[in-house]
Amino acid sequence: MGNAVATARLVESEKAATLLSPPRLSVESLHTDTKKILFVTSEFAELVKVGGLGDVSAALPRALRAQHDIRVLIPGYRQVLESGNVIRIIAQLPGQAALPPCRIGRMDLDDGLIIYVLLCPELYERDGKPYGDNHGRDWDDNHIRFARLGLAAAEIAAGCLSWQPELVHANDWPAALAPAYIAWKRLRTPSVFTIHNLAYQGLCDPACGPELALPAEAHSPDSMEFYGKLSFLKAGIVYASHITTVSQTYAREITTEAFGCGLQGLLKRKEEQGQLSGITNGIDESWQPKTDPHLLQGFQIHEWELKRRNARHVDEMFGLQPCEGPLFIVVSRLVHQKGLDMTLKIADSIVAGGGRLAILGQGEPALEAELLALAVRHPGHIGVHIGFNETDARRMFAGSDFLLMPSRYEPCGLSQMYAQRFASLPIARRTGGLADSIEDGVTGFLFQHGDAESYFEAVQRALNVFKHPQLLNAMRCQAMAAPQFWAQSVEPYDRLYKRLLQEQAAVRVRGR
Ligand SMILES: Nc1ncnc2c1ncn2[C@@H]1O[C@H](COP(=O)(O)OP(=O)(O)O[C@H]2O[C@H](CO)[C@@H](O)[C@H](O)[C@H]2O)[C@@H](O)[C@H]1O
């Protein structure tokens, strides 16, 4: 394995570092109520992205920078090190149990956002993806890799850098041990734990406990024990000061057996204690159909002929026969959650109804194979690309009439909002954030039941609307205006951070 550190332009000397990244005006000096927040994540869109967590991690801290001194902590995967940004080493952390010693590098992005990169070559510098190899197999040592991330966050909270956060915001199971290590170190730093997807839990064998330097209490059902395993996700829920998830409907759903993945009892208690809430994701400012540089043809509201040029491009990309019928798309991780099996069931009827279908995604090999076989059965009408490509995804949102998103559950969902913004109407299951972000018959189409009949009934309604251009265009106008940008949706996070910090200050005063 080559050492990517060389290409990362790591800088150890403070003097050189200052020359490379001149000191910036501190936000603190500009804003009196500014808090120091450490945002811990395993993805960051422009550096490394698997799905929606990457989008949120790149956009939410940037939106919050208007109010706070917020910095991001991310593992030093090869993709991060090879991003071409200068990384300046600012701290060394000792090893603990099987968690190796590591270094923390500071990376200043062009817009001034500060990223702390956790440098530990034996854990993170590999060919492959953040959670597994290029063949879809999870890394065997993920428990060590992400416990190391959580422990580093706690060490930063304890003051190992000259910058010490007042609050730690951890995301999903890979960062979920941050609140736990903070608690076990008896630190008072409050923490927020955001669940982007409850189904990914980060389970490991209890025998791994000593490797992760867990205290004995970790093995108790009141801590991270979960049906004979240790659950990183449960640790985040148990030890964080507050839990958020990414839509209000999903926040309610996860307290029920149908959506709670076995954690519904604990989550219900947290809800009753006022420690669980839903904050709907926004989208970032780059989602502008007129100016998006990825598009071959920008367009705005009412410029439907210009939008159609993007459709022609999608036809070409996917080898579809251009026709007057509607263009349906799927842009998705190909996993059980996303209900692709239902799309497979209704695809023949979409083609019979005069539609064509372009699918971009990657994920479970069996689903990939079934989709490729579907395309072979419908040459010129259905095209499938297996892979991940941001530019193609944006061009598909711009060119399509309808996005198919029959998710079994959906914590928030971003693709439906991106589609709306680019005047493509989502057809989605009434669940989670899809229910919150789509108004049925106004900004998209919703169906209630998780079966192909209910789904196809919504597709038929869409086909009917497509036959009435005035109605279609009216819906497009409503949809384009529907999604909230992050700047409009950060306020609940801001309020939550301040409330938790006030509560912690009050406890301190009482404790004196
Ligand atoms: N093959 C491909 N090529 C290019 N782009 C692709 C792609 N496959 C997916 N994408 C993109 O990846 C992102 C997917 O985000 P979603 O929020 O829709 O789902 P995801 O399940 O990954 O996120 C989880 O976290 C987010 C963030 O909180 C929640 O919204 C969501 O409900 C939850 O499941 C979108 O930006 C989409 O366009």
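How do the residues of the shell around the ligand divide into nonpolar, polar and charged? In this predicted model, the shell holds 11 nonpolar, 12 polar and 4 charged residues. Of the 27 residues around the ligand, those that come nearest are Gly-51, Gly-52, His-196, Cys-412 and Leu-414. Several elements give two or more residues to this shell: α2, β14 (327-334), β15 (356-363), α14 (390-399) and α15 (415-421). The top contributor is α2, with 4 residues.

The position of the ligand follows from the domains. The protein chain is assigned two of them: domain 1 (6-282 + 488-511) and domain 2 (304-483). Both domain 1 and domain 2 give residues to the shell around the ligand, so the ligand lies between them.

The domains also touch each other. Their centres, taken over C-alpha atoms, are separated by 33 Å. Domain 1 brings 18 residues to the contact, and domain 2 brings 11 residues. On the side of domain 1 that touches domain 2, α2 (52-64) and α9 (248-253) each supply at least two residues. Here α9 gives the most, with 4 residues. By class, this side of domain 1 has 11 polar, 5 nonpolar and 2 charged residues.

An unreviewed UniProt entry carries the annotation "domain: Glycosyl transferase family" for residues 324-464. In the model, this span is 44% helix and 23% strand. The C-alpha atoms at the ends of residues 324-464 lie 14 Å apart.

How values were computed. Residues numbered from 1 in each chain as written. Predicted model: local features only at pLDDT ≥ 70, side-chain atom pairs only at ≥ 80, totals over all residues. Domains from an automatic or database assignment. Contact = placed C-beta atoms within 7 Å. Nonpolar A, V, L, I, M, F, W, Y, C, P; charged D, E, K, R; others polar. UniProt positions renumbered as here; feature names shortened; annotations may be inferred. Near = placed C-beta within 6 Å.
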